[in-house]
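Morning, everyone. Today I want to talk about aromatic rings. Have a look at the sequence and the fold first.

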Amino acid sequence: MKPEYIVVGGGVVGCAVAYGMLKAGHKVTVLDGGDKAHRASRGNFGLVWLSSKGLDAPHYASWTRRSIKLWQSLADELEEMTDENLNLVQQGGYDFHFCKQEMAAKVEQYKSLREQLGTNHPYEVWDRERLLAEEPEIGDEVVGAIYGPEDGHVNPLKLLRAYTKAIQNLGGNLVTGVNVVDVRKESSHQFEVLLEDGTCYRADKVILSAGLGAAKLGPKLGFVAPITAQKGQVLITEKLTPRLKRPSGIIRQVDEGGIQIGDSKENAGFDDSDTLEVTAAIAERAIAVYPFLAQTKLVRSWGAIRIVSPDGLPIYQQSKTHQGAYLVSCHSGITLAAVHSYLLPAWLEEAEDSPNLELFSEDRF
């Protein structure tokens, strides 16, 4: 019989893994926190993004690209199973630049990455004239962009809803609004997961994918779990007719019509409030890229907490002290959802076709 799993964490990362394990024939219980938890899955930017990923870490660039290539299949599958339209669009994206020297330096990083990978890693250098042909409303300060032909975006909230529906459709046990306070391994070799209200769940194996919560629970199972919080702030405009042809790492027009602006980074602990100073800086940069935004109304803003490791890369680790316990953590849960659903199950079960994730282990720290 196949082992039963408990997945601690019901965000996109945990749900993606749970979905894959259910499809592989395992029984799975997902324990999801309450709305007081810091939920990266409900405050992120929604990019399915390859550009700039792993420029100094070829294994991460390769892993990300594998996910990018699987994403359309994942979207089709989830949409068919749940009747949710994820609004996935993979028609390329931009990395805008305001300085020719900085842009040239970034291009050299891409060239080096191609050499290290031995593949034609996708990117194109667009000067201002080429960019204007695609985006005529670009501001005067923009000197060009590095175009990523495989980049795209998705509605992240609809993705999360589709995952939760699919998990339930496949017979998974999704328990929401609970707080896991302890995880331990019993003498019977099963894991015991204890909730704040005293409820206890047991399973053969356990996966920690609880974002910042894994930093507390991880050491109980022998993990280092060096996971910290990084705040990002996001602005949303009023709904507009289509104005942007493609997304970028800092601006995208969502399927409902609003323009989403962001990509700030702050070390503010668990404070996820938005601040006027950062909001103003984000808005100023956005207007420099698309001047028409100066006359556009903002309707909403928020701060959200990213989950980051010391080097910014994912962590995939099997416990060395508690066999059957795993840590899965990353800040690119949307982009990596496809490999988490399609490839991680083989890694978790140590199958012959398992992806080699050794370079993502905690040993690198």
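I will go through the ring pairs, then a cluster, then charges over rings. Keep in mind that this is a predicted model.

How many aromatic pairs are there? The count comes to 14. I'll pick out two.

Start with Tyr19 and Tyr163. They pair edge-to-face. Their centres are 5.7 Å apart, with 65° between the planes. Over 60 degrees counts as edge-to-face, so that is the label they get. Where do they sit? Tyr19 is in helix α1, residues 12-23, and Tyr163 is in helix α5, residues 156-169. So this pair ties together parts that are 144 residues apart in sequence. Buried or exposed? Tyr19 is buried, and Tyr163 is buried too.

Next pair: Phe96 and Tyr290. Again edge-to-face, at 6.0 Å centre to centre and 90° between the planes. Phe96 belongs to strand β4, residues 93-97. Tyr290 lies in the loop between α7 (276-289) and β16 (298-308). So the pair links parts that are 194 residues apart in sequence. What about burial? The cut-off for buried is under 20% relative accessible area. Phe96 has 10%, so it is buried. Tyr290 has 1%, so Tyr290 is buried as well.

Now the cluster. Which residues form it? Tyr60, Trp63, Tyr316, Tyr326, Trp347 and Phe360 make up one aromatic cluster.

Last, charges over rings. Arg130 lies over the face of Trp126, 4.0 Å from the ring centre. Arg243 lies over the face of Phe292, at 4.0 Å from that ring centre.

That's my tour. Thanks.

Key: Residues are numbered from 1 along each chain as its sequence is written. This is a predicted model: local features need pLDDT of at least 70, side-chain atom pairs count only at pLDDT 80 or more; totals for chains, interfaces and linings use all residues. Side-chain values use heavy atoms; hydrogens and water are left out. Rings of Phe, Tyr and Trp (its six-membered ring) pair if their centres lie within 6.5 Å; planes under 30 degrees apart count as stacked, over 60 as edge-to-face and the rest as tilted. Helices (H or I, at least four residues) and strands (E, at least two) are DSSP runs, numbered from the N terminus. Buried means under 20% relative accessible area, exposed over 50%, partly exposed in between (1.4 Å probe, protein chains only). A charge sits over a ring if NZ of Lys or CZ of Arg is within 6 Å of the ring centre and within 35 degrees of the ring normal.
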